[in-house]
Amino acid sequence: MKKPGQQTGYFMTIHSLLSEETILHNLRVGDKKELLNRLVDLLSGQVDGKQLESIREAVFEREEIMSTGVGKGLAIPHGKANGVTENHACFAILEKPVDYDSIDQNPVEIVFLLVGPESKNSIHIKFLSRISRLMNSNSFRERLLQCESPGEILEHFREEERHYFDS
């Protein structure tokens, strides 16, 4: 059985990086720092403790450079971490939007976290580009906000990615 984040070839789909265990629905957090920590913690079942802390450090260092709040209520925190050998992701829909220092100054309610190995920059950039294109769809984001479970969210990712990238 393939676990989330396990590469099956040169390129893999975004939804294959996610699982019901790495998706949070109606997440309640008080601020950006708590949000990022909760998302990184979701990856604890996929990486060891040292890798998890490397991921946490990479994500927070990236946020210090510039906020990953891209506007439209969306943030795509990301980083390349030392000791990580595969790409990993998690996703959350927040119960209430939180301030994120986004480029449009609006709070964030949808968050897609992506982390990968330091040595695979081109794959990391391809994933970020693909996530951005997928999440840029207003109707897709609205459908995600209407989902009621991690399983439903995951299925929407599968369907949208199949529709968007196979056409």
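1. Asn26 touches Ile93, Leu94 and Glu95, when residues up to four places away in sequence are not counted; contact here means heavy atoms within 4.5 Å. Asn26 is found in strand 1, residues 23-27, where helices (H or I, at least four residues) and strands (E, at least two) are DSSP runs numbered from the N terminus. Asn26 counts as partly exposed because its relative accessible area is 41%, given that buried means under 20% relative accessible area, exposed over 50%, and partly exposed in between, with a 1.4 Å probe and protein chains only.

2. The model is a predicted one, in which local features need pLDDT of at least 70 and side-chain atom pairs count only at pLDDT 80 or more, while totals for chains, interfaces and linings use all residues. Residues are numbered from 1 along each chain as its sequence is written, and side-chain values use heavy atoms, with hydrogens and water left out.

3. Two residues deserve a look at their backbone angles. Most residues other than glycine have a negative phi. Phi of Asn26, however, is near 60°, a positive value in a residue other than glycine, and Gln105, which is not a glycine, has a positive phi of about 65°. Gln105 lies in the loop between strand 5 (88-98) and strand 6 (108-117), and it counts as exposed because its relative accessibility is 62%.

4. Which residues does Leu39 contact, leaving aside its neighbours within four places in sequence? They are Cys90, Phe91, Ala92, Val111 and Leu113. Leu39 is found in helix 1 and counts as buried because its relative accessibility is 0%. Leu39 and Met66, 27 residues apart in sequence, are 18 Å apart in space, C-alpha to C-alpha.

5. Helix 1 (residues 32-42) packs with helix 2 (residues 49-65) at an angle of about 145°, and their axes are 10 Å apart; the axes are lines fitted to C-alpha atoms, for helices over the stretch in contact, and angles run from 0 to 180 degrees between N-to-C directions. On the side of helix 1, Lys32, Lys33, Leu36, Asn37, Val40 and Asp41 meet Leu52, Ile55, Arg56, Val59, Phe60 and Glu63 in helix 2. The residues of this contact divide into 6 nonpolar, 1 polar and 5 charged, with Ala, Val, Leu, Ile, Met, Phe, Trp, Tyr, Cys and Pro counted as nonpolar, Asp, Glu, Lys and Arg as charged, and the others, Gly among them, as polar.

6. For the protein as a whole, the secondary structure comes to 5 helices and 6 strands, and from the N terminus on the elements run β-α-α-β-β-β-β-β-α-α-α. Among contacts between residues at least 6 apart in sequence, 68% join residues at least 24 apart.

7. The C-alpha trace spans about 35 × 35 × 25 Å along its principal axes. With 167 residues, a compact globule would have a radius of gyration near 15 Å, and the protein's 15 Å agrees with this; the radius is taken over C-alpha atoms, and the globule rule is 2.2 Å times the number of residues to the power 0.38. Of the 167 residues, 51% count as buried.
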